[in-house]
Amino acid sequence: MLTPARNEMLTRVGRGTPMGELLRRYWQPIGGASELDVNPIKPLRIMGEDLVVYRDSSGRYGLIDRHCPHRRADMSYGWVEDNGIRCSYHGWLMDHTGRCLEQPYEDTTNPKPSKASCAVKAYPVKECAGLLFAYMGPLPAPELPVWEPFTWANGFREIVLADVPCNWFQCQENSIDPVHFEWMHDNWGSRLKGGNSNAAPKHLKVKFEAFDHGFVYKRVREGQSEQDRYWTVGRVALWPNGFYLGSHFEWRVPVDDENTLSVAWFFMRVPKGREPYVQERVPTWVSPLTDPSGRFITSHIINQDIIAWAGQGRIADRTKENLRSSDIGITMMRSRFFEDLEAIAAGKEPRGVIRSANEAQCIPLPNMAREINTEGLTLAEFDNEPILRQRLREFRHHYGQPPEVRRAFVEAMGIAGP
Ligand code: FES
Ligand SMILES: [Fe+2]
């Protein structure tokens, strides 16, 4: 249980709030590079700031204020040129550093050195593994962490986005909550398909360990032992707002205090014999969350998670909760955030910010699936791996995979479609 003031500290993300300042010190994924293939400008709201991300005609990314410095028109209705983005109202041109390069009428009739005062805010953007990452904190920016899975070859990758109607922190608490798998995904999942018992293997023990880049959670369920990878390796609550499960990442990126952009990156290695496989373009798609009646879609794993997150309210009221031993990881995570918030207040760097380019190049994480993802399996061997076998049949994580993404996947895997 938290006091209202402590709950606010964890959840508020605007500029100048303690958590807003903490999260801005890390590169945040804001979408997929392939989103900009059709329209090179995308409006987005991140941590309470209205922005546009764009790729100009020379291939350079920019992330700047959504509103033009002239009279505040919406830059997402502008267009890109070789060196920036132009407003469609009176043609002012801005570059990726936020400088105003051209003011066409003034440049023609009244040229004065007045552009400096028209600069807008601008943030660095980098592409990695098909994702776009933005850095909105104090400069100099740290290194962009290249997590080891981003370096894997011979895999089909896809990026899935979802607009989640609640605060980011309750989404992130789900990254350190092993027991919900038994109930939400197994027992409820089975009931949604017509089952009528709570027969999923019970959790017998859980433990949580801190490391440089977050926490690892481990578990033993009925039918498993301490020799199982779920106990010897575990899964990662990635600091500060990610989740890493061996073959995919999820990030919970604050849109504002009451909304979150869920960004998920998936990797599936092609079967042995299908190499070399080079994916030209990492597709990005948005998962719908509700059905026509307005109820949440329950059929897919992360859709189920989202029901839990949003069901806690726009901002979960942690003054009313009752934590138990299953929630030790959640308490550890909150404590570490409070420690890092204090560190920032004292002028120090929070944990997990990487300043060494060498270190950032390929960062290993505890990984239950490394061999499968780096060495691969034959198609026949997939039969011994229930999760992978299922993954070949259908995309179970998010509802709404577009048919063209499925077709590309089927082709990459060399299996019968669709
Ligand atoms: S409002 Fe953008 S150029 Fe005038
Ligand atoms: Fe879950």
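Buried here means under 20% relative accessible area, with exposed being over 50% and partly exposed in between, for a 1.4 Å probe and protein chains only.

Some housekeeping. This is a predicted model, in which local features need pLDDT of at least 70 and side-chain atom pairs count only at pLDDT 80 or more, while totals for chains, interfaces and linings use all residues. Residues are numbered from 1 along each chain as its sequence is written, chains are lettered from A and ligands numbered from 1 in the order in which they are written, and side-chain values use heavy atoms, with hydrogens and water left out.

Now the rings. Rings of Phe, Tyr and Trp, the last by its six-membered ring, pair if their centres lie within 6.5 Å; planes under 30 degrees apart are called stacked, over 60 edge-to-face, and the rest tilted. That rule gives 20 aromatic pairs. In one of them, W168 and F337, the ring centres are 5.8 Å apart and the planes stand at 80 degrees, so this pair is edge-to-face. W168 is in helix α4 (residues 168-173) and F337 in helix α8 (residues 328-345), so the pair connects distant parts of the chain, 169 residues apart. Helices are DSSP runs of H or I of at least four residues, strands are runs of E of at least two, and both are numbered from the N terminus.

Next, Y217 and F243. Their ring centres are 6.3 Å apart with the planes at 35 degrees, so the pair is tilted. This pair also links distant parts of the chain: Y217 sits in strand β14 (residues 214-221) and F243 in strand β16 (residues 242-244), 26 residues apart. Y217 is buried at 2% relative accessibility, and F243 is buried at 3%.

There is a cluster as well: ring pairs join F133, F150, W152, Y244, F249, W251, W265 and F267.

Which residues place a charge over a ring? The charged end of R6 sits over the ring of F338, 3.6 Å from its centre. R219 lies over the face of F181, 4.5 Å from the ring centre. The criterion is NZ of Lys or CZ of Arg within 6 Å of the ring centre and within 35 degrees of the ring normal.

F181 is in helix α5 and is buried, at 13% relative accessibility. Beyond residues up to four places away in sequence, F181 touches D186, Y217, R219, R221, R235 and L245. Contact means heavy atoms within 4.5 Å.

H185 lies in helix α5 (residues 179-192) and D305 in helix α7 (residues 301-311), so the pair ties together parts that are 120 residues apart in sequence. H185 is buried at 13% relative accessibility, and D305 at 5%.

Helix α7 has eight of its eleven residues buried, so it is largely enclosed by the rest of the structure. The buried residues of α7 pack against β12 (155-164), α4, α5, β17 (248-256) and β18 (259-269). Just after α7, G313 takes a positive phi of about 100 degrees.

Last, the core. A nonpolar core is a set of buried Ala, Val, Leu, Ile, Met, Phe, Trp, Tyr and Cys residues joined through side-chain atoms within 4.5 Å. The largest one has 70 residues, of which L63, F150, F249, W251, W265 and F337 touch the most other members. Helix α8 supplies the largest share of this core, six residues. A second, separate core of 28 residues includes A264, M268, Y277 and M413.
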